[in-house]
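Q: I have a structure open and want to get my bearings. Can you walk me through it?

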Amino acid sequence: MVQSAYSSATANVHAALQRIAARDARVRAWLHVDDVGALASAQALDAPGGAKGPLAGLCVGVKDVIAVAGLPLTHNSPLFTGFVPSEDAACVATLRAAGAVILGKTDTTEFAAAGRNAVSANPHDLTRTPGGSSAGSAAAVADGHVPLALATQTGGSTIRPASFCGIHGFKPTWGLVSREGVKMYANSLDTVGWYTRDLDLCDKVCAVFGLAEAAPLGPQPLRIGVFRTPWWDEMTPGGKAAFDGVAAAMARAGVVMVDIAVLPEFEHLNDDHRAILFREGAAAFLGLARSRPGLLHADFHLRVDALASYPDARLREAHDRAAAARAGFERAIAGLDAVLAPSAPGIAPLGRSPGEPKFNQPWTLLHAPVVNLPLAQGEGGMPIGVSLVAPRYADRRLVAAAREIEERLGAARPSA
């Protein structure tokens with residue numbers, strides 16, 4: 001299903017509901033579909049004098065750790081059964097103000113963190129995971145239920161599902177999109193992102209959220225760093241072939257590819273990410289662990305126990321090294337338009353696990369904007385994406401570079 005921001009909003013909602021009715025019993029992307037509310041919003045937009053905006057009539061799925069007024073907010077946890085917020089999260093309110101229609105809530109790993117996995121399936125192979133924690137949002141966009149869905153990323157929860165599902169996933173620079181009304185996990189890492197099936201819509205959403213307009217790329221060829229990361233040996237053979245195939249195709253298309261052997265402090269960043277994640281996660285879940293311990297999954301009690309496992313000195317070291325690495329990364333890539341890196345070690349695993357976040361966490365800790373490009377395939381034709389990464393606050397320039405790469409590659413996308 002393809003929707004235009006200028007189509008009838010009511011027609012868009014009907015088309016989305018028909019697609020969900022036909023497919024979601026198997027894909028299981030949605031926890032709650034608000035057919036009545038979505039149709040009412042659409043009819044108000046279509047009425048004479050109805051408010052219009054850059055996303056007018058576009059149907060949106062919202063990850064169920066983000067508040068939507070009048071809809072259940074479960075966090076996929078038994079602790080929040082029956083909870084219905086009265087106000088939209090800031091990111092949802094922003095989309096509504098731009099004319100978007102909120103269709104419902106998509107499945108998620110519990111609290112977008114750990115515990116219970118989403119039940120959503122990968123639309124390309126229902127036996128495989130769409131990735132987590134933003135499982136339902138990725139599946140809903142990949143299967144054509146909606147053209148846009150909100151996600152979050154604390155480790156790799158936006159980019160990795162985009163890789164597994166063969167769609168565009170965008171994680172903005174940390175702090176540029178408000179997290180008011182979104183479940184907090186790790187304050188230094190949590191980032192609201194989104195999924196789309198094309199980069200034009202991705203850039204339009206960037207503009208709606210107030211991200212600065214991109215500086216022109218200029219007439220000179222794109223210069224892209226190729227960084228295989230310290231964990232290249234942990235890539236699957238198909239994952240390696242897919243990544244190398246994309247890099248080679250970009251070179252053939254006239255992009256200047258520059259190998260990057262190392263980046264400052266990069267080999268430490270996964271360990272530092274874990275220290276920050278667990279200590280800040282302990283703060284986020286301490287209240288539930290103390291007040292309602294019985295229904296809180298054991299994974300979250302482990303995070304609270306991290307208050308003892310990661311002492312203050314280790315947390316200070318992790319934050320200081322991350323701060324140095326941010327500046328070091330940006331110095332190291334001066335003169336490049338972006339960096340190409342793996343989005344995931346290979347295709348989506350069997351089952352419903354979130355997947356390996358090792359290739360995403362360092363960029364999250366660096367607060368860098370990242371876009372997944374669905375440019376490759378692996379075993380059985382399953383998608384494998386690649387990450388394009390830019391310096392902080394170069395979000396829309398990153399999208400512009402990604403768009404130019406896709407235009408250069410055209411329909412002849414490489415496969416493993």
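A: This is a predicted model. Start with the open sheet of 11 strands, which has mixed pairing.

Q: What order do the strands come in?

A: The order is β1-β3-β2-β4-β6-β5-β10-β11-β9-β7-β8.

Q: Which are the edge strands?

A: They are β1 (30-33) and β8 (256-259). Each pairs on one side only.

Q: What does the twist average?

A: It averages 30° from one strand to the next.

Q: Which helix packs on the sheet, touching β2 and β3?

A: Helix α3, residues 90-97. It also touches β4 and β6, and its direction makes about 160° with that of β4. Helix α7 (residues 237-252) lies across β7, β8, β9, β10 and β11.

Q: How do β10 and β11 pair?

A: In the antiparallel sense, over 6 bridges. V370 stands opposite V389 in β11.

Q: What about the loop between those two strands? Is M382 buried or exposed?

A: M382 is in that loop, between β10 (370-377) and β11 (383-389). Its relative accessibility is 3%, so M382 counts as buried; the cut-off is under 20%.

Q: What does M382 touch?

A: Its contacts include N122, H124, D125, R128 and F164. I347 and A348 are also among them.

Q: New topic. Which residues in α2 are buried?

A: A38, L39, A42 and L45 are buried in α2. These buried residues fall within an arc of 120° seen down the axis, so they line one face of the helix.

Q: What covers them?

A: The cover over the buried residues of α2 includes α1 (9-27) and β3 (101-106).

How values were computed. Residues numbered from 1 in each chain as written. Predicted model: local features only at pLDDT ≥ 70, side-chain atom pairs only at ≥ 80, totals over all residues. Heavy atoms only, no water. Buried < 20%, exposed > 50% of the residue type's maximum accessible area, 1.4 Å probe, protein only. Helix = DSSP H or I, 4+ residues; strand = E, 2+ residues; numbered from the N terminus. Arc of directions from axis to C-beta. Contact = heavy atoms within 4.5 Å. Pairing = 2+ DSSP bridges. Axes fitted to C-alpha atoms, helices over the stretch in contact; angles between N-to-C directions. Lists of a residue's contacts leave out its neighbours within four places in sequence.
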